[in-house]
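Hi everyone, thanks for coming. Let me put the structure up on the screen, and then I'll walk you through a few places in it.

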Amino acid sequence: MAKLTKEDVLKLARLSRLHLTDEEVAKYQKEIESILSYVDQLSSLKLDNVEPTYQVTGLRTVTRRDEVVDYGTDREKLLKNAPNTKNGHIVTRRIL
Amino acid sequence: MKSQWPSIKDIAEQVNSGSATAKELVERSLTTIEAHREFDAIIAVIKDRALKRAEEIDGRVKSGEKVGRLAGVPFIAKDNFLTFGSETTAASNILKGFAAPYQATAIEKLEAEGAICVAKANLDAFAHGSSTENSDFMTTKNPHDKTLVPGGSSGGSAAAVILDMAPFSLGSDTGGSIRLPASFCGAVGLKPSYGLVSRSGVVAMASSTDVIGPLTRTVEDTALVLDVMSGKDSLDSTTIQRNEDSYLNFSSDYKGKKIALVKEYMSDGVDAEVKSAVLDVVEILKSKGALVEEVSIPNVDLALASYYIIMPAEVSSNLSRYDGQRYGYSSEKAKNLDESYNWSRSEGFGEEAKRRIMIGAYVLSSGYYDAYYKKAAQLRTCLIEDFKKVFENYDFMIGPTAPTQAFKIGENTSNPLQMYLADIMTVAPSLVGVPAISVPVAKKGLPIGLQIIAPYKADLDLLSFAFNLEKDIT
């Protein structure tokens, strides 16, 4: 049975780039633990010789010619959704 | 409830022949949407663009042009489809205000045949949910009873069709999000074979099971919409070649077909009323010459556990793109880039998205990867093998779409695990990739959906069977 500590939840939040309030930590600790306990029913299965499946189409690395295709989307339209732009570039917060 | 809309095929014929105009159809659709505002099925109405397109289509008809197989047919798209003429939000605060720079391939294909998108439907934010209660904006009400959920995540799309707002709507289905609301609202809802319909321009949830499909009142309408949407797309490298010239070439009956009633889907946990509705269908099938046998697939009981590992793993990966920099909500209070990521995501994502992202991070983290993610992917292989074996002897599997009828708004919101159990019968076909359809079968009272499952790429056989069954039920 999966046991989740407060520290575990904080670590998951850090990995997920999320800030959590104390109440949220307590709530998610309880909820995620109960969900993990449910999915834990797979843990007793012996599946060592079974290949895992990650996709179902059977397609193999689909590639196309390395050439520019015009999909008709323009830069203006794409940049319009960015929170902050300058001279056709996206501006982010400072890194250092 | 009798519909104000003729079949989609008839509507398009009327428009093409000039006996109806696209403009009056769009107006009728907009009026109906307005009349049912209180159900909260619709996030945005695409009025100006829809009317403009209608006039354009009417003009083309007048000048003698044949417009297409969906000429003037209004439709409603789930708000996780990128469309022009309104925002695309996926019912999430983090995408509020997002103006799509291009349209989903599915929308483009429908428009090329003359269809007109008139509105965007509500959903659980990012399609995470089984009731639409996880929408960051509002909860859609069930058309049959406003105190009940419509199912989810395509709850707005299902409710819109049953409220007669448009002849068809579009949904997306990752673990049951088309089939479950179809079952709860009384619509026909198809999850096509994985890869048959392009997902380019649809907000990604779990890419290895995400599919999109129609919700309609009849199987024939569903088949027509699928026929227009399906096929390979260079913008979605997971699409497969369609293997049918037409998804409307129905056979005349299902006499002699072999049907497996999945034993695990008829267990004690299933509501008596749901079971009895399914058994009534079994009697009809037998009386019309089909062979129905009970078949056990023990692994389907484990499918939900597998799904609730694989899906959040893929969700955590897909939602990492929401970083507050390139598009979507960006927190004002951040001072540096790291804070900007953290605050934008914390303030922008709803509870369920956060829950799934963290579960995903857990099952993918180095110490737990083998125990959870790999194990779930191995069980997926077992399920695929099990389905293959059953389909060696049977043409279709059947069972209920959901263990219950529509539940009360608020009934499951405090217990996420309880909410997840609503998907228990729909997730296995999603993991296996095979097509499945929910068809309404209740004779009275609240709707009940029958789920029919077919082998991979047997979408035409599935529709054909559902079409003939629909005739025998009504």
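**Around helix H7 of chain B**

Let's start with Gly231(B), which sits just after H7(B) and takes a positive phi of about 130 degrees. Helices here are DSSP runs of H or I with at least four residues, strands are runs of E with at least two, and both are numbered from the N terminus.

Before I go on, some housekeeping: this is a predicted model, where local features need pLDDT of at least 70, side-chain atom pairs count only at pLDDT 80 or more, and totals for chains, interfaces and linings use all residues. Residues are numbered from 1 along each chain as its sequence is written, chains are lettered from A and ligands numbered from 1 in the order in which they are written, and side-chain values use heavy atoms, with hydrogens and water left out.

Back to H7(B), residues 219–229: 10 of its 11 residues are buried, so the helix is largely enclosed by the rest of the structure. Buried means under 20% relative accessible area, exposed means over 50%, and partly exposed is in between, using a 1.4 Å probe and protein chains only. Among the buried residues are Val219(B), Asp221(B), Leu224(B) and Met229(B). And what covers them? The cover includes helix H1 (8–17), strand E4 (168–173) and helix H15 (459–473) of chain B.

**Where the chains meet**

Now for the two chains together: 50 residues of chain A are in contact with 72 residues of chain B, contact being heavy atoms within 4.5 Å. Chain A and chain B bury about 5300 Å² between them, 66% of it on carbon and sulfur atoms. That area is the accessible area (1.4 Å probe) lost when two parts are put together, summed over both.

How many salt bridges cross this interface? The rule finds four, a salt bridge being a side-chain nitrogen of Lys or Arg within 4 Å of a carboxyl oxygen of Asp or Glu. One pair to look for is Glu351(B) with Lys27(A), whose closest N and O atoms are 3.2 Å apart. On the chain A side, helices H1 (6–15), H2 (22–39) and H3 (75–80) each supply at least two of the residues touching chain B. The largest share, 10 residues, comes from H2(A).

Last stop: Thr413(B), in the loop between strand E9 (396–400) and helix H13 (416–420) of chain B. With 44% relative accessibility, Thr413(B) counts as partly exposed. Leaving out residues up to four places away in sequence, Thr413(B) touches Glu133(B) and Met419(B).
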